[in-house]
Amino acid sequence: MAELTYRDALNAAMCQEMDRDDSVFLMGEEVAEYDGAYKVSRGMLARYGDRRVVDSPISELGFAGLCVGAATAGLRPICEFMTFNFSFLALDQVINNAAKMFYMSNGQISVPIVFRGPTGAALQLSAQHSQACETYYVHAPGVKLVTPATPADAKGLLAAAIRDDDPVAVMEGELLYNVRGEVPDEEYVIPLGVADLKRSGGDVSIITHGKMVHVALQAATMLARDGIEADVLDLRSIRPLDVDAILETVARTNRAVYLEEGWPFAGVGAQIVALIQEEAFDDLDAPVMRVTQADVPMPYAKNLEQLAKPGARGVVEACRRVL
Amino acid sequence: MLQATRETESGVANGDRSSAGGDADDAPGDVAVIEGFTREELHALLAEMLVYRRFEEKAEESYAIGRIGGFCHLHIGQEGLAAGAIRPLREDDLVITAYRDHTQAIAKGITPRAAMAELYGRVDGCSGGRGGSMHLFDATVGFMGGHGIVGGQIPLGTGLGWAIRYRGDDQICVCFMGDAAVNQGAFLESLNMAAIWHLPVIYVVENNEYGMGTAFSRVSATEMEARSGAYGIPAHTVNGQDVLETYRFFADMAERVRGGAGPQFVNAETYRFRGHSMSDPVSGTYRSKEEVESHVQEQDPIKLLRDRLMAADLLTQAELEAMDGEVRAVCEDAAEFADASPLPDPSTLYDHVYAEINEHGRLFLDGRGPGGAARGGTPGGGPAGGPGAAAGGPGGSAHG
């Protein structure tokens with residue numbers, strides 16, 4: 001067990017998988033000579049050469065589609081988007097090709113590809129660089145999505161995503177890359193579809209994913225000062241979704257808040273709320289609340305940005321409303 | 001010169017294809033008589049194109065009586081390109097194209113039966129009825145699909161070339177597109193990447209002059225031949241209505257690319273004799289009846305080859321009629337086969353959405369799909385069998 005940054009844990013996962021399978025390669029903007037825009041692929045060019053660690057032109061549609069095509073031919077591409085904001089240029093390839101090829105071909109042509117990169121806001125990057133992209137991906141059947149919140153989860157989930165036979169989006173957090181945590185040295189994977197109870201409380205369930213796990217834990221600490229103990233359930237994987245874990249925590253606390261970085265309209269939280277009311281209605285003592293980004297494009301000004309982002313204070317307020 | 005021919009599932013030979021390339025020593029037909037082709041090879045190419053033509057005519061007929069639904073784009077008039085560009089390829093070479101894909105699929109090795117059954121949306125279709133006219137697939141013969149978004153298949157074809165190069169194999173990929181697709185960003189981005197990585201891909205524009213109802217020249221700032229120059233990719237123009245020219249060109253080009261010549265761009269001039277799709281009249285606001293008629297009379301790839309063979313005393317009317325009779329029988333058989341094939345089993349609705357059904361978690365959130373068993377019941381249900389219709393649970397994983 002070593003203490004690694006989230007960034008290096010992702011690097012370790014890619015190296016782990018590239019060591020065991022020659023069909024895995026990494027392609028994206030700045031991934032090779034520059035060591036990655038966020039240094040996630042540091043040292044990989046030297047280790048694997050330019051056959052397997054490939055700088056692409058700034059052509060998201062093109063290189064994402066190339067990677068999808070390579071996957072249909074049996075390779076296992078890791079397609080890095082410098083941020084998922086830029087992947088909107090490539091959504092035709094993700095939604096129309098990667099997600100549907102296996103179905104349209106009646107199971108003949110699978111697409112074992114990973115799309116990875118940061119999602120969500122960082123600091124004052126304004127509207128086009130600060131958006132949570134989960135919904136766009138998870139909306140389409142045929143795509144899977146994981147959102148690691150810790151270094152250990154980052155390594156295990158990315159490794160599992162690379163081995164998975166379907167398109168898997170791995171959405172990272174730009175502000176998480178420097179987060180440190182214990183990461184097992186040995187080869188391991190964290191299966192998709194397994195949520196993780198990051199904190200056990202019992203009074204209220206804060207369900208969340210990705211970077212917001214840290215905000216949820218902060219809110220739980222604040223609530224604990226007033227004697228309220230919260231469960232913090234980190235979904236880790238949005239699709240497949242660990243429904244059992246969601247229902248379990250709700251059954252225990254009878255109250256739930258969904259926290260996410262994205263917008264509310266048709267967001268991940270909307271799905272989770274629908275699920276809870278459909279399948280655990282009798283367990284609920286209060287409506288399920290959502291805490292999301294304000295329903296506006298991300299503003300640049302520091303004070304407005306703070307207002308727009310979901311934060312621990314908002315989570316505490318939401319929890320109080322359901323208690 | 002021609003690759004080994006295929007038997008149809010019915011055992012009926014597709015025209016003269018079964019004799020092509022065989023009996024080289026004792027048959028007088030082994031002597032090259034026109035442009036390096038033997039009599040047998042010429043007959044085989046004619047029969048091949050006739051299969052495409054009769055297949056499409058049968059599809060047109062079936063569409064009219066409601067056996068085929070949705071969008072259906074016929075290739076009539078462009079058969080010379082399918083035969084000339086695909087028949088010279090190896091079976092393990094890869095072909096990918098857009099939605100006007102029936103004849104390319106057959107040219108690459110999908111049987112008329114499997115293609116027609118797919119148009120009918122039946123279980124014996126080459127995509128199991130899940131794809132339809134625009135999405136024919138058979139990976140075992142290297143046909144990587146019919147794709148429905150203009151230009152969307154071009155990065156995929158580039159990726160197929162990437163995979164070939166990555167593995168150090170000697171296959172090639174032929175990536176077809178319509179003329180309108182070259183104005184998509186996907187085309188430009190793909191050509192750039194193919195050039196910098198020297199990929200074994202031949203990009204072929206089926207230039208039938210119109211993107212749906214818009215003439216290429218009206219929406220394009222430069223000529224087709226100029227489109228690859230910015231990336232240093234050689235451009236070639238071939239007369240797609242002349243199957244012999246097209247065949248010789250691709251036979252040669254395939255080997256050059258296989259040998260490391262890098263990506264190529266081919267402007268294949270052709271013409272669509274039918275409307276854009278079934279709902280579009282043959283002629284209309286965007287092209288005149290006279291224009292279409294003159295192409296049909298003078299530029300029909302099948303008639304051109306037929307006339308040439310007859311003029312050289314290499315084909316009699318009786319032989320032609322016999323060939324056409326066999327071909328019609330093949331296409332009639334394909335339609336009967338399709339009609340007799342069952343609809344897909346409703347219990348398979350959720351199959352093949354994912355290649356890997358993960359052991360944990362729920363992949364389908366509608367309360368109906370595998371693993372969708374709702375605690376306490378979920379409204380809905382339907383063909384998949386209602387709440388909890390796990391239908392074998394993770395049985396959807398058929399990936400091998």
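Student: How much area is buried between chain B and chain A?
Tutor: This is a predicted model. The size of an interface is often given as the accessible area lost when the parts come together. Carbon and sulfur atoms give 59% of the area here. The total buried between chain B and chain A is about 4,600 Å².

Student: How many residues of chain A are in contact with chain B?
Tutor: A contact needs heavy atoms within 4.5 Å. On the chain B side, 50 residues take part. On the chain A side, the number is 65 residues.

Student: Which residues form the salt bridge between the two chains, and how far apart are the closest N and O atoms?
Tutor: The count between chain B and chain A is one salt bridge. The cut-off for such a pair is 4 Å. A:Glu279 pairs with B:Arg362, and their closest N and O atoms are apart by 2.8 Å.

Student: How many residue pairs are in polar contact across the interface?
Tutor: Both residues of a pair must have pLDDT 80 or more. Across the interface of chain B and chain A, the rule then finds 28 residue pairs.

Student: Which helix gives the largest share of the side of chain B that touches chain A?
Tutor: Two helices of chain B each supply at least two residues to that side: H5 (153–167) and H6 (185–196). The largest share is nine residues, and these come from H5(B).

Student: What radius of gyration does chain A have, and why does it agree with a compact globule?
Tutor: Chain A has 323 residues, and a compact globule of that length would have a radius near 20 Å. The C-alpha atoms of chain A fill a box of roughly 55 × 45 × 40 Å along the principal axes. The radius of chain A agrees with the globule value because it is 19 Å.

Student: What share of the residues in chain A is buried?
Tutor: Chain A holds twelve helices and 14 strands. Of its contacts with a separation of 6 or more, 81% join residues 24 or more positions apart. Buried means under 20% relative accessible area. In chain A, the buried share is 64%.

Student: Is B:Ser341 buried or exposed?
Tutor: B:Ser341 lies in the segment after helix H10 (317–340) of chain B. Leaving out residues up to four places away in sequence, B:Ser341 touches B:Arg122, B:Val123 and B:Asp124. Its relative accessibility is 3%, so B:Ser341 counts as buried.

Key:
Residues numbered from 1 in each chain as written. Chains lettered and ligands numbered in written order. Predicted model: local features only at pLDDT ≥ 70, side-chain atom pairs only at ≥ 80, totals over all residues. Heavy atoms only, no water. Buried area = accessible area lost by both parts, 1.4 Å probe. Salt bridge = Lys/Arg side-chain N within 4 Å of Asp/Glu carboxyl O. Polar contact = N/O pair within 3.5 Å; in protein donor to acceptor, adjacent residues only side chain to side chain. Helix = DSSP H or I, 4+ residues; strand = E, 2+ residues; numbered from the N terminus. Rg over C-alpha atoms; globule rule 2.2 N^0.38 Å. Buried < 20%, exposed > 50% of the residue type's maximum accessible area, 1.4 Å probe, protein only.
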